[in-house]
Amino acid sequence: MADKDTVEKFLDNNPQVAKEYYEKKVKADVITAAFGTEVQVKDPASYKDVTTIQEAEFMFELIKELQGANKMEKALHKVLQRIALLIQADRCSYWGFRSRNGTPELSSILFDVTHNSAYDKNIVNPNVEIVFPTDMGLVGWTAHSKKPQNIIDVKKDSHFSDFVDKQTKYTTKCMLTSPVMSGKEPIGVIMVLNKQGASEFSKGDQELFNKYMNFATVICLQAHTAYMWDVESRRSQVLLWSASKVFEELTDIERQFHKALYTVRTYIKCERYSVGLLDMTKEKEFFDEWAIKLGEQEAYKGPKTPDGREISFYKIIDYLLEGKEEIKVIPFICILELPICNMMNAAGDDYFTFQKGPADETGWTIKNVLSLPIVNKKEEIVGVATFFNRLDGYPFDENDEQITEALTQFLGWSTLCSDTYDKLNRTEWGKEISQEMLMYQTTATLTDVQTILNTQEKFGSAPEDCEPKEMYKLLNVELLEFRFSDFPLSEFELIKCGIRCFFELGVVEKFKVPPEILTRWMYTVCRGYRDITYHNWRHGFNVGQTMFTLLLTGKLKKYYSDLEAFAMVAAGFCHDIDHRGTNNLYQTKSLSPLAKLHSSSVMERHHLEYSKTLMENENLNIFQNLQKRQFETVQHLFEVCIIATDLALYFKKRTMFQKIVDAVEGIPEEKEKISYVSNNATRKEIIMAMMMTACDLSAITKPWEVQSKVALMVAAEFWEQGDLERTVLDQQPIPMMDRAHAEELPKMQCGFIDFVCSFVYKEFSRFHIEINPMFEGLTINRGEWRALADVYEAKMKAIEDEKKRLEGGDAERECKHLEIKSPLTCMYFIMNIYTDYNVRIFSSLSLTFYASRNIRLQIQFERLYLSIFRI
Ligand SMILES: [Zn+2]
């Protein structure tokens with residue numbers, strides 16, 4: 001056998017042989033060891049001076065351990081065993097780091113691992129784990145300081161605590177520790193105790209220990225990541241769950257989004273975000289189509305959703321994230337980019353045209369924008385979410401895209417859910433409303449019908465046996481006048497008048513309306529109106545009657561077919577059915593079921609739905625003998641007519657109506673005039689809609705005795721709403737609805753006439769001279785209101801002057817004489833000012849008011865002359 005020197009010399013001269021030998025032998029050995037059974041450690045002492053090859057064996061063994069599906073503790077156990085062996089330590093332990101109630105602590109996971117101890121002995125059962133806070137002992141100090149420690153003599157170290165030694169009756173002499181880190185946070189500590197055969201761990205031991213810590217870290221991190229992933233996915237499950245719970249209590253999508261976004265606010269690291277919900281309706285409202293159909297407005301050419309919808313938001317929620325807890329909803333900012341848009345330095349981007357400067361008074365500006373569509377499970381784009389300015393100032397990256405995408409998916413999913421929910425709710429609200437309707441609705445009995453028609457007395461037979469032609473003769477009231485007043489008639493008589501209108505139009509015969517059905521329908525419409533101050537059956541009737549008069553007396557019928565006229569008059573009677581005496585804004589503010597059901601023209605949509613419900617009942621359906629197409633036309637006309645009474649839409653149609661009137665005025669031939677209108681469905685609809693407005697506001701054109709009374713009823717209903725706003729909503733009503741401003745009514749009436757009514761009646765009398773009586777009536781009433789407004793202003797001026805006089809001014813003694821045209825005006829005046837004045841009646845012909853000590857107002861009835869005196 002060759003001696004050592006010879007071999008060395010040979011290998012030095014033949015490096016090729018050495019290389020081949022190691023490649024063949026050593027590598028094979030190591031690989032076999034790594035992928036075969038575990039490395040056999042027979043004599044730990046022989047590993048004292050561990051060779052590179054032997055160490056490589058360990059490493060492969062540990063890598064194999066890492067790849068296996070073993071539990072983290074099992075793999076870590078092997079690493080600790082090898083550490084104990086390699087650095088000749090008596091024992092090792094692994095402490096896990098966690099936090100409870102805000103206090104970080106460490107707990108024993110693998111305890112007292114020696115180079116050959118059994119795993120089962122070392123793994124600590126959670127019931128008997130040793131736990132201590134991080135401000136205790138050297139292990140605690142390691143976790144706290146996040147630095148490895150090499151303690152030569154624990155007795156001399158201030159951080160050492162013998163608390164565990166006492167429990168286990170062991171004596172710690174020297175110690176190596178190292179934290180296991182996940183990023184900047186510790187997840188555990190490995191501890192090595194008592195060097196065997198020496199009093200301390202050498203620098204070499206420490207280096208070796210640190211090297212093996214890499215394995216331990218990988219193993220622990222892997223387990224930690226898996227754990228965190230589990231936590232995260234559970235967290236999102238919880239979120240989803242709570243969101244789904246949220247559906248149960250939320251009623252509308254806005255609140256739902258609000259809640260969802262509030263929940264996830266901490267995960268979205270941006271300064272501000274907004275969610276815009278797209279209008280899902282593919283069809284536009286009839287009044288929005290008018291301008292396009294008339295060629296006055298270009299059809300929409302902007303971006304569309306893939307399924308062909310226009311980009312129009314019906315609701316935008318904008319959030320400002322403030323600190324950790326607050327989400328403030330702010331006026332909207334929304335950027336629409338489909339499908340996904342991630343923009344850095346928005347202000348410098350040509351494509352970004354929205355808001356380059358500060359977006360609000362705080363000076364906040366948009367830097368980065370991430371915008372993406374919200375898509376529901378049906379793959380429809382239901383909205384757009386836009387995120388602004390990442391909190392750390394960097395642009396949004398792919399991770400942000402992923403997170404926000406997850407959020408928008410969630411939102412999309414929730415819209416679908418709430419769509420369904422919405423539908424469900426709609427049925428519920430619908431039920432609620434129809435129940436209310438039922439309470440108010442009573443259909444006429446045969447006796448009622450008989451009472452109304454009175455056929456028995458006149459013809460000696462039941463209504464159904466009478467000739468329709470004969471029947472309208474029963475009903476004898478002058479209905480064809482614009483100045484018609486319902487005051488002298490009972491509600492019952494108004495039902496008769498309504499029926500008569502249809503006979504007069506000739507539609508009862510033409511469309512085979514059974515008279516008893518017509519009667520029952522009319523009766524039900526009457527009963528559908530509530531007994532409220534103004535928007536009651538009388539108002540409903542007046543609108544139907546005015547429509548009838550506009551068509552016949554106003555000669556507008558020539559543009560319309562009999563069927564259309566039939567529908568228009570019927571819609572007029574129905575147009576305010578089931579009104580509650582409060583306006584649309586009140587419905588929205590008080591969150592009424594109606595406001596939940598309809599997003600715009602709330603009350604009008606309800607009147608329409610109500611009217612359509614009546615058509616569904618065969619005992620009431622006056623359109624029952626129409627063909628399907630005719631019936632559909634009627635339904636459409638009902639929609640146009642009833643929705644048109646929303647004054648909010650009045651301003652939309654004004655100019656279009658005026659243009660039609662201009663055009664007709666310029667046509668010389670009567671025949672041509674008629675065909676210009678009647679051959680164009682859009683023009684007919686616009687005029688029809690304006691006719692409804694003219695009917696709805698017609699009280700303003702009635703003789704002053706009527707108008708002055710009705711105006712007070714309208715005002716009284718407004719004041720009642722104002723009272724509700726004050727008591728129920730705890731809000732200050734607008735002056736028009738505020739009793740405290742009652743005296744300003746004449747002034748407000750003048751404003752209403754000038755800004756709203758004048759146009760309608762002026763244009764209509766220009767359109768058809770036959771409608772001029774309405775405009776005349778309006779003009780007279782304006783004069784009356786102006787006079788009353790002057791009285792009020794004079795009174796205010798008198799008070800003002802008096803104040804000045806008392807302050808030293810020298811006002812005239814007698815202030816003003818006002819001529820008053822009617823006793824009603826006088827009464828009105830008295831009603832409105834008596835609260836402020838001392839009233840003393842001198843004689844039956846004169847009233848004198850004392851306003852303070854110095855002003856005397858005298859009204860002399862015989863002369864209808866009002867004087868304001870100072871005394
Ligand atoms: Zn009305």
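This report walks through some helices of a predicted model, on their own and in pairs.

Let's start with the whole chain. The protein chain runs to 871 residues, and 48% of them count as buried. It has 30 helices and 17 strands. If you look at contacts with a separation of 6 or more, 67% of those in the protein chain come from residues 24 or more positions apart.

Take α4 first, at residues 72-86. Of its 15 residues, 14 are buried, so the rest of the structure largely encloses this helix. After α4 comes Q88, which has a positive phi, near 55°.

Helix α17, residues 515-528, can be read in the same way. From first C-alpha to last, α17 reaches 19 Å, close to the 20 Å expected for its 14 residues at 1.5 Å a residue. This helix is mostly covered too, with 13 of the 14 residues buried.

| Helix pair | Crossing angle | Axis distance |
|---|---|---|
| α18 (residues 537-552) and α26 (residues 681-696) | roughly 130° | within 8 Å |
| α24 (residues 647-665) and α25 (residues 670-678) | about 155° | 9 Å |

With axes crossing at roughly 130°, α18 counts as oblique to α26. The crossing of α18 and α26 is right-handed. On the α18 side, the contact is made by H539, V543, T546, M547, L550 and L551, while α26 brings M688, M691, M692, A694, C695 and D696. Sorted by type, the residues of this contact between α18 and α26 come out as 9 nonpolar, 2 polar and 1 charged.

The other pair, α24 and α25, packs at about 155°. Because angles over 145 degrees count as roughly antiparallel, that is the label for α24 against α25. The crossing of α24 and α25 is right-handed. Where do they touch? I660, A663, V664 and E665 of α24 meet K673, Y676 and V677 of α25. This contact of α24 with α25 divides into 5 nonpolar and 2 charged residues, with no polar ones.

Conventions:
Residues numbered from 1 in each chain as written. Predicted model: local features only at pLDDT ≥ 70, side-chain atom pairs only at ≥ 80, totals over all residues. Heavy atoms only, no water. Helix = DSSP H or I, 4+ residues; strand = E, 2+ residues; numbered from the N terminus. Expected span 1.5 Å × (residues − 1). Buried < 20%, exposed > 50% of the residue type's maximum accessible area, 1.4 Å probe, protein only. Axes fitted to C-alpha atoms, helices over the stretch in contact; angles between N-to-C directions. Parallel < 35°, antiparallel > 145°, perpendicular 65-115°, else oblique. Left-handed = near helix turned anticlockwise from the far one by under 90°. Contact = heavy atoms within 4.5 Å. Nonpolar A, V, L, I, M, F, W, Y, C, P; charged D, E, K, R; others polar.
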